[in-house]
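Here is a short briefing for a first look. Please keep the sequence and the structure in view as you read.

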Amino acid sequence: MNLFTPAETVANYAAAGVAKTRQTGLRLLLLGIAAGLMIGFPVCVTNMATYTVANASAVRIISGVLFAFGLGVVVLTGTELFTGNTLIVISLLDKRVRLTAMLRNWCIVYLGNFLGALALSAICARFGWLWAGEGGLAAYTLRLALSKMSMPFGNAFFMGVLCNILVTIAVLVSLSGKDVTGRMLGAWAPVMFFVVAGFSHSIADMTYCALGLFGKSVPAYAAAAQAAGVDVSALTWGRYFLGNMLPVTLGNIVGGLLVGGTAWYCYMYKKG
């Protein structure tokens, strides 16, 4: 078979989790920045591909098909993505890493993902990318950012839980493949599912929301959004962190822990 068994895949990740916690801080940060960019680029692609599409279902399907390639690229390049790294709990439960080592990895990688997303968003806003369609892309992007920042806390949290259940399953399915095709398709399908379903991914939302915040600071983009009925005054950094980042990140952690804990118990736990 050109696949690892589920037990082999989980055991392989347990070993990989150890290696992830032993990386230097600078290496983790740089690999985190790279992953933030690799998830941010599909955000830009999906916004550009859908900003003129009126049918909501078509927007979801197009976005899902295109966005889902991002995780496969992250897996194949070995960069560090916070949401996938919640699976390090497998190594923790197998007593191969300490809790402090796992949390160190999470914090540094999350910061790196954030810096990558912010850098990409700032460049797109500052250097004209959002002016596509004479501001049509800007209006669409700011409206989408506001919608992501305006969800009730509980909704954002549970959409985050469901999202990272699928993302961590995608990581494990991808790593069960022994060739590039298997790994890409393994990562692609579950991620496509979460995008079409409309669940919330904290690292993707870093770019979705930051594009709106940086876009708001450009008068032409703000005017285009206001003309389209977007309340740009509601796009604030406080709402970004408290209305989206906090609940979605917490939800992503819970979703990842549920998958990682279940995988460890089913395939690695030994009584006695």
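At what angle do the axes of helix α2 and α7 cross? This is a predicted model. In it, the two axes cross at roughly 45 degrees and come within 6 Å.

**Helices α2 and α7**
- Helix α2 covers residues 25-50, and α7 covers residues 99-126.
- An angle under 35 degrees would count as roughly parallel, and 65 to 115 as roughly perpendicular. The α2 and α7 pair is therefore oblique.
- The crossing of α2 and α7 is right-handed.
- On the α2 side, the meeting residues include G25, L28, G32, G36, G40 and C44.
- On the α7 side, they include R104, I108, G112, L115, G116 and C124.
- By class, 14 nonpolar, eight polar and one charged residues make up this contact.

**Nonpolar cores**
- The largest nonpolar core has 66 residues.
- F67, L71, I90, V191, F194 and Y240 touch the most other members of that core.
- Helix α7 gives the most to this core, with nine residues.
- A second, separate core has six residues, among them A125, A132, L137 and A138.
- Leaving aside neighbours within four places in sequence, F67 is in contact with I39, P42, V43, T46, V191, F194, V195, A204 and Y208.

**N252**
- N252 lies in helix α13, residues 237-267.
- Is N252 buried or exposed? N252 counts as buried because its relative accessibility is 0%.
- Beyond its neighbours within four places in sequence, N252 is in contact with residues including T83, T86, G160, N164 and H201.

Conventions
Residues are numbered from 1 along each chain as its sequence is written. This is a predicted model: local features need pLDDT of at least 70, side-chain atom pairs count only at pLDDT 80 or more; totals for chains, interfaces and linings use all residues. Side-chain values use heavy atoms; hydrogens and water are left out. A nonpolar core is a set of buried Ala, Val, Leu, Ile, Met, Phe, Trp, Tyr and Cys residues joined through side-chain atoms within 4.5 Å. Buried means under 20% relative accessible area, exposed over 50%, partly exposed in between (1.4 Å probe, protein chains only). Helices (H or I, at least four residues) and strands (E, at least two) are DSSP runs, numbered from the N terminus. Contact means heavy atoms within 4.5 Å. Axes are lines fitted to C-alpha atoms, for helices over the stretch in contact, and angles run from 0 to 180 degrees between N-to-C directions. Angles under 35 degrees count as roughly parallel, over 145 as roughly antiparallel, 65 to 115 as roughly perpendicular and the rest as oblique. A crossing is left-handed if the near helix is turned anticlockwise from the far one by less than a right angle, and right-handed if clockwise. Ala, Val, Leu, Ile, Met, Phe, Trp, Tyr, Cys and Pro count as nonpolar, Asp, Glu, Lys and Arg as charged, and the others, Gly among them, as polar.
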